[in-house]
Amino acid sequence: MKGRLMIRVVVDSIRVSLLTQSRVVVLRETEGNRYLPIWIGQFEADAIAMAIQGHEPQRPMTHDLLKAAISELDGLVRQIYISDIRDNTFFARILIDQAGRTVELDARPSDAIALAERVQAPIFVAAHVLDQAGVLFDEEEQSDDAVPPTPVSRNEEPASEASSEPEPELNEDSLSIFRNFINTLDLNDRDRPGEKS
């Protein structure tokens, strides 16, 4: 992370397409008006949604287990960051302070975000990633994002444990497709992530 310009973001929303049931987590830069949509799986969407809504599962989910393991090993999640995008796949890193040293772990963005929401760690995006994949929404779309969400259903099987997430093409044509996709979303969902498995 040294030498890289990082931009602070927050989870703006988790969206679900009413037509395809695809999930997208939308990150918003804190000091700007760009958004970063990342397609995610159903399981990861639910994990992020539960953390944002403050729901405690009866038994630990994968991200709860990771949080507990880090804590038991005297670690502290300092931050997570979306570090790169290659071949339409986003990559993330988790920075952990443990016993006087910094441990940096490779992760899928969805898993890193789910952990960050559980431990209230800040989320950053490398500037070149936001420059390449960030989108600007017009005022009407931004006002739609403010609509509060409803809980995400938990009916599907967990996504595979890959360390990266495939993304759709992020050129002008695909951004137009993404805007059209946004128009099909149920905008009553705040805790819905979106990333392809």
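Is Arg 93 buried, partly exposed or exposed, and what is its relative accessible area?

A: This is a predicted model, and what follows is computed from it. Arg 93 has a relative accessible area of 23%, so it counts as partly exposed; the cut-off for buried is under 20%, and exposed begins over 50%.

Arg 93 is part of strand β5, which covers residues 89–98. Leaving out residues up to four places away in sequence, Arg 93 touches Gln 79, Ile 80, Tyr 81, Ser 83, Glu 104, Leu 105 and Asp 106. One of these, Leu 105, is 12 residues from Arg 93 along the chain, and the C-alpha atoms of the two are separated by 5.4 Å. Strand β4 spans residues 75–86, and strand β6 spans residues 101–107.

Another arginine can be described with β5 in view. The charged end of Arg 86 sits over the ring of Phe 91, at 4.1 Å from the ring centre. As for pairs between aromatic rings, the structure holds 0 of them.

Next come the loops. Ala 99 is in the loop between β5 and β6. Its phi is positive, near 50°, although Ala 99 is not a glycine. Most residues other than glycine have a negative phi. With a relative accessible area of 67%, Ala 99 is exposed. Asp 74 lies in the loop between α2 and β4. Asp 74 also has a positive phi, near 60°, in a residue other than glycine, and Asp 74 is exposed, with a relative accessible area of 64%.

Helix α2 runs over residues 62–72 and includes Leu 65. Leu 65 counts as exposed because its relative accessibility is 55%. Between Leu 65 and Leu 115 there are 50 positions in sequence, while their C-alpha atoms are 9.8 Å apart in space.

Helix α1 is mostly covered, with 10 of its 12 residues buried. Among the buried residues are Phe 43, Ile 48 and Met 50, and also Gln 42, Glu 44 and Asp 46. The cover over the buried residues of α1 includes β1, β2, β3, α2 and α3. The length of α1 can be checked: at 1.5 Å a residue, its 12 residues should span 16 Å, and this agrees with the 16 Å between its end C-alpha atoms. After α1 comes Gly 54, with a positive phi near 75°.

The largest nonpolar core of the model has 43 residues, and Leu 27 and Leu 36 have the most contacts inside it. Helix α1, residues 42–53, gives the most to this core, with 6 residues. Another core, of 6 residues, lies apart from it; Val 26, Tyr 35, Trp 39 and Phe 137 are among its members. Leaving aside neighbours within four places in sequence, the contacts of Leu 27 include Val 9, Val 11, Leu 36, Ile 38, Ile 82, Ile 113 and Val 125.

For the chain as a whole, the secondary structure comes to 6 helices and 9 strands. Of its 197 residues, 50% count as buried. Among contacts with a separation of 6 or more, 69% are between residues 24 or more positions apart. The accessible surface comes to about 9,900 Å², and carbon and sulfur atoms account for 48% of it.

Definitions and conventions: Residues numbered from 1 in each chain as written. Predicted model: local features only at pLDDT ≥ 70, side-chain atom pairs only at ≥ 80, totals over all residues. Heavy atoms only, no water. Helix = DSSP H or I, 4+ residues; strand = E, 2+ residues; numbered from the N terminus. Buried < 20%, exposed > 50% of the residue type's maximum accessible area, 1.4 Å probe, protein only. Phe/Tyr/Trp six-rings, centres within 6.5 Å; stacked < 30°, edge-to-face > 60°. Lys NZ or Arg CZ within 6 Å of the ring centre and 35° of its normal. Core = buried A, V, L, I, M, F, W, Y, C linked by side-chain atoms within 4.5 Å. Contact = heavy atoms within 4.5 Å. Areas by Shrake-Rupley, 256 points an atom, 1.4 Å probe, with all protein chains shown as cover. Expected span 1.5 Å × (residues − 1).
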